[in-house]
Amino acid sequence: MQLSRQEEKRIEEAWVELLAHIYRAVDWKKVARSKISYDIFEHRLEFARYERGIPEFIQKLCNTLSLQAPPLPLDAVEFLRRHEPEAMNMVRRMGKLLTLKAAQRAKELKTGMRTLESFSGGR
């Protein structure tokens with residue numbers, strides 16, 4: 001199914017929000033040590049992106065980053081699950097870009113900057 005540009009944008013935003021929360025939950029001092037956190041995150045995302053669905057993807061990514069139960073935006077998770085085939089295709093195609101955007105969004109979350117709209121509402 002061909003997505004509209006607006007739907008594609010909303011899926012990308014949901015991925016960025018979800019990945020930013022995971023990125024922010026990582027203890028980078030323990031995981032990264034002297035390495036660049038973007039590289040490590042993208043490498044771990046590489047492991048997870050071929051999982052069958054969104055729940056399996058989240059579990060694999062969190063496990064490879066030594067996260068037990070990070071606080072995740074459930075509206076973004078549910079939105080991605082409703083659009084699972086398209087969402088999984090996107091994360092497989094755009095791993096680097098999503099990593100960079102998620103790292104930037106994680107910084108914004110840390111400093112309390114802008115918030116994205118809820119994914120459960122229509123638009």
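Q: Which helix is Thr99 found in?
A: Thr99 sits in helix H7, residues 95-111. Helices are DSSP runs of H or I with at least four residues, numbered from the N terminus. This is a predicted model, where local features need pLDDT of at least 70, side-chain atom pairs count only at pLDDT 80 or more, and totals for chains, interfaces and linings use all residues. Residues are numbered from 1 along each chain as its sequence is written, and side-chain values use heavy atoms, with hydrogens and water left out.

Q: Is Thr99 buried or exposed?
A: Thr99 counts as buried, because its relative accessibility is 2%. Buried means under 20% relative accessible area, exposed over 50%, and partly exposed in between (1.4 Å probe, protein chains only).

Q: What does Thr99 touch?
A: Leaving out residues up to four places away in sequence, Thr99 touches Tyr38, Phe41, Glu42 and Leu45. Contact here means heavy atoms within 4.5 Å.

Q: Changing topic, which residues of H5 are buried?
A: In helix H5 (residues 74-82), they are Ala76, Val77, Phe79 and Leu80.

Q: Why do they line one face?
A: Seen down the axis of H5, the buried residues fall within an arc of 165 degrees, so they line one face of the helix. The arc is that of the directions from the helix axis to the C-beta atoms.

Q: What do the buried residues of H5 pack against?
A: They pack against helix H1 (5-25), helix H4 (54-64) and helix H6 (84-93).

Q: And which exposed residues are on the face turned away?
A: Leu74 and Arg82 are the exposed residues on the face of H5 turned away from its buried side.

Note on methods:
Helix = DSSP H or I, 4+ residues; strand = E, 2+ residues; numbered from the N terminus.
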